[in-house]
Amino acid sequence: MTPALAVRGATKRFGAVLALDGVDLAVFPGEVLALLGDNGAGKSTLIKCISGVHRLDSGSIEMGGVAVTMGSPAAARALGIETVYQDLALFDNLDPVANFYAGREIAGPRWLPRGLRLLRRRDMSRATGELLTRLQVGIADPHATVGLMSGGQRQAIAVARAAAFASKVVILDEPTAALGLRESRRVLDLILRLREEGHAVIVISHAMDHVIEIADRAAVLRRGRKVGEMRPTPDNRQAIVSLIVGGDS
Amino acid sequence: MTTGQAERAAPLSPATGTGRTRLAALAQRHGAALVLVLVVLLGSLTFGSSFTGAGNLGAIALDASYLLLVATGMTFVILSGGIDLSVGSVLALSGVLAAYGSRWGTAGAVLLPLAVCGLIGLVNGLLIGRARLAPFVVTLATLLFARGLAFAVTQEGNQVYIIPADLALTRIGQANVLGVGVPVLIALAVFVAAGVVLNRTRFGLRVFAAGNGDGHAAELMGLPVARIRVRVYVLSSLLAGLAGVLIAAQTTSGLPTLGEGRELEAIAAVVIGGTLLTGGAGSLGGTLAGVLLLKVIQNLINQVGTLSSAYQQVVSGTFLVLVVLVQATLARRRRQ
């Protein structure tokens, strides 16, 4: 089976710091891959290279077996990769519909030049409503700006936005870090639903319980290197933790 | 909830909440319009027909139309998270170039200034959007540059270029349609078009998106943030240039001292209209109310007669402080 996304020999240097040192990673359709590691291990750098925010110094990225370059976040999005960043990258001043569609607005009529087309708000509104229903995300007031919403709702909107547009890969950076129990539950269910729909999902998380519950495979980074891969189960929880912190401790 | 399209806070739907936050949002959005109505009522009761007469209202409208053009561009710039200090100087340069270009007919008097102003806006936009310099510093530099150029073209103001009275441009600038000055109609047409662009097009939505925070989210979401910024500064310069051309057409000459402080007046009108100086939230409808409010207050102080016109600025300044105070209070309350 061809991986939805494969990274080979990923190397990234920031000045004197070697943030990534020849990392190989692959994630398959319908799979949740947990990316684990201590702070500074290179997890965020790796996903930012995949999502086009940073560029790899060397190494390659393939999607469905074809080599691609992630020149910008827009390029990565166009290739079917959606990322939920740790800070969510939401437009706090806009409502959920605008958050969904900013950057890929629906506008018409088609015979007008792109710049003169008018937004089709009703279409965007309806599609957003349908998606939120499908993902079972309840928004108390769909016309409020997302800056006024709770942490859980904001997280759900960011995940739903990624789910709406990702055709292949969804990346989530610490999706439950700032959430309470019930809100975490919702986001985890959302991730499982993405897997059911056949997306390849990469999740960065420090919450080992969540990883064990939802991830099919865990890759562990330490100081920019991949130090191991494992099936996260309650039994090898300790093994994973010692991989994260360093084998000998 | 569905107000006129120009008055919406966010392009897809206005911010609403429950009870007090909803009230706060309403006050923010329509406060200037409300105060405008009160001030106009007060003016009519106090001064009667010397305020409400067609001649006086026409003069207010004409004066307001130039400011409305500049403030419309400024609204886009501020919504995108920037500021444009160069518009007053650009307006003056545009007036001077219109008068200078009138030797080549109306086409020269319109195209020369607009081309130069568009270029200045492009430089502003590229330095701010692509080179990521601070809008305050960049547009301060073009403020000096454009004002200096206006003085250079007129030999330190000693050379006054006159627009021939028989030029089509002059006739347009001084004409009335049904008692309304043509510059007023042009400004209103531009304003309505700008409202459609801001509230109904991709570009408008992206201006709001780029104005959220420092544009970080917009960049992560793959929006062409630099291009959006370039466009708002070009738009701002072009509208200031248009105002300069219309003033030159109306006065048949271009003075390099024109429009001093206009940039601050425009910023004041935008902020009084409820647009946040930090970007991302506001409306063109508010800007219209802010422009009219400033101009009506100026007019009323002139009506008093015994008050020096210097008090115009005292009142405008006081008003601005009050608006910003209310905005800050509301913003704090909404966050709670």
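The model described here is predicted.

Arg225(A) takes part in a salt bridge with Asp21(A). The closest N and O atoms of this pair are 2.9 Å apart. The link spans distant parts of the chain: Arg225(A) belongs to strand β12 (residues 225-230) of chain A, and Asp21(A) to strand β2 (residues 17-27) of chain A. The two residues are 204 residues apart. Asp21(A) is also partly exposed, with a relative accessible area of 23%.

A second salt bridge in chain A joins the side chains of Arg154(A) and Asp92(A), at 2.5 Å from N to O. Arg154(A) sits in helix α5 (residues 151-165) of chain A, while Asp92(A) sits in the loop between β6 (81-84) and α3 (96-101) of chain A, so the pair ties together parts 62 residues apart in sequence. Arg154(A) is buried, at 16% relative accessibility. Asp92(A) is partly exposed, at 30%.

In chain B, the side chains of Asp63(B) and Lys295(B) form a salt bridge of 3.5 Å, N to O. Here two helices are tied together, because Asp63(B) lies in α3 (residues 54-79) of chain B and Lys295(B) in α13 (residues 284-304) of chain B. The parts so joined are 232 residues apart in sequence. Lys295(B) is buried, with a relative accessible area of 4%. Asp63(B) is partly exposed, at 30% relative accessibility. Elsewhere, salt bridges with shared partners connect Glu31(A), Arg217(A), Lys226(A) and Glu229(A) into one network. Over all chains, the search finds 21 salt bridges.

The two chains also meet each other. In this interface, 29 residues of chain B contact 34 residues of chain A. The size of an interface is often given as the accessible area lost when the parts come together. For chain B and chain A, the buried area is about 2800 Å², with 59% of it on carbon and sulfur atoms.

Polar and charged links cross this interface as well. The rule finds 2 salt bridges between chain B and chain A. One of the salt bridges pairs Arg202(B) with Glu105(A), with the closest N and O atoms 3.9 Å apart. Polar contacts between the chains number 11 residue pairs. On the side of chain B that touches chain A, the elements giving two or more residues are α8 (182-200), α9 (202-210) and α10 (216-220) of chain B. By class, this side of chain B holds 15 nonpolar, 8 polar and 6 charged residues.

Note on methods
Residues numbered from 1 in each chain as written. Chains lettered and ligands numbered in written order. Predicted model: local features only at pLDDT ≥ 70, side-chain atom pairs only at ≥ 80, totals over all residues. Heavy atoms only, no water. Contact = heavy atoms within 4.5 Å. Buried area = accessible area lost by both parts, 1.4 Å probe. Salt bridge = Lys/Arg side-chain N within 4 Å of Asp/Glu carboxyl O. Polar contact = N/O pair within 3.5 Å; in protein donor to acceptor, adjacent residues only side chain to side chain. Helix = DSSP H or I, 4+ residues; strand = E, 2+ residues; numbered from the N terminus. Nonpolar A, V, L, I, M, F, W, Y, C, P; charged D, E, K, R; others polar. Buried < 20%, exposed > 50% of the residue type's maximum accessible area, 1.4 Å probe, protein only.
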